[in-house]
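Take a walk through this protein from its overall fold to single residues. Keep the sequence beside the structure as you read.

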Amino acid sequence: MIQFRTAQNNEDDVTQNDLPPVGGFVLMCAGQLMLLSGAVQHVAGAYALRQRLRLTPVGCAAVLAHALLPMAAFGTAMACVVGCHPRWVCHAMWGAREALPPLLSEKRLNNLARMKLGIETGG
């Protein structure tokens, strides 16, 4: 999918709305389903062993967070791959722009800031 978007996108045009191929969507869904099944197994195992583990409410919250965090990270990454960048990711990238690798060109980062954050840059 990334190779598809790289081949379709022009360095000067980051607003282009190219859709990834259907096969990429199927792979994304398969990955999300694998993460979901792992999370369900993790929570079910903790529930089955709740007496032996002596889970407190804080422990239950930690189990749920541990189960949900990989799915949230994967979902955020896939949203970025298809071009639906969450605003908090854009803010984080803009805040860390000095430490980002040269692969993220200044022009591309300025376009992202202008489109998503409403920040006017000099370039």
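Of the 123 residues of the protein chain, 23% count as buried. Buried means under 20% relative accessible area, exposed means over 50%, and partly exposed lies in between (1.4 Å probe, protein chains only). The model is predicted: local features need pLDDT of at least 70, side-chain atom pairs count only at pLDDT 80 or more, and totals for chains, interfaces and linings use all residues. Residues are numbered from 1 along each chain as its sequence is written, and side-chain values use heavy atoms, with hydrogens and water left out.

The protein chain has 6 helices and 0 strands. Both are DSSP runs numbered from the N terminus: helices are H or I with at least four residues, strands are E with at least two. Read from the N terminus, the elements run α-α-α-α-α-α.

Start with H5, residues 87-95. Which of its residues are buried? They are Val 89, Cys 90, Met 93 and Trp 94. These four lie on the same side of H5, because they cover an arc of only 135° around the axis. The arc is taken from the directions that run from the helix axis to the C-beta atoms.

The largest nonpolar core has 8 residues. A nonpolar core is a set of buried Ala, Val, Leu, Ile, Met, Phe, Trp, Tyr and Cys residues joined through side-chain atoms within 4.5 Å.

Trp 94 sits in H5 and counts as buried at 17% relative accessibility. Its C-alpha is 8.8 Å from that of Leu 112, 18 residues apart along the chain. Leu 117 belongs to H6 and is buried, with a relative accessible area of 13%. Leu 117 and Trp 88 are 29 residues apart in sequence, and their C-alpha atoms are 9.5 Å apart in space.

Move to helix H2, residues 22-48. Val 26 is found there. Together with Val 22 and Phe 25, Val 26 forms a nonpolar patch on the surface, with about 320 Å² of accessible area. Further along H2 comes Gly 38. Gly 38 is partly exposed at 34% relative accessible area. The C-alpha atoms of Gly 38 and Ala 67 are separated by 7.6 Å, although the two are 29 residues apart along the chain.

Next, find Arg 54 in the loop between helix H3 (50-53) and helix H4 (57-81). Phi of Arg 54 is near 55°, a positive value in a residue other than glycine. Arg 54 is exposed, with a relative accessible area of 70%.

Last, the cysteines. How many disulfides are there? The count comes to 0, where a disulfide is a pair of cysteine sulfur atoms within 2.5 Å. Cys 29 is partly exposed, with a relative accessible area of 31%. Cys 60 is partly exposed too, at 37%. Cys 90, by contrast, is buried in H5.

Note on methods:
Patch = residues over 30% accessible without salt bridge, like charges linked within 9 Å, V, L, I, M, F, W, Y side chains within 5 Å. Areas by Shrake-Rupley, 256 points an atom, 1.4 Å probe, with all protein chains shown as cover. Salt bridge = Lys/Arg side-chain N within 4 Å of Asp/Glu carboxyl O.
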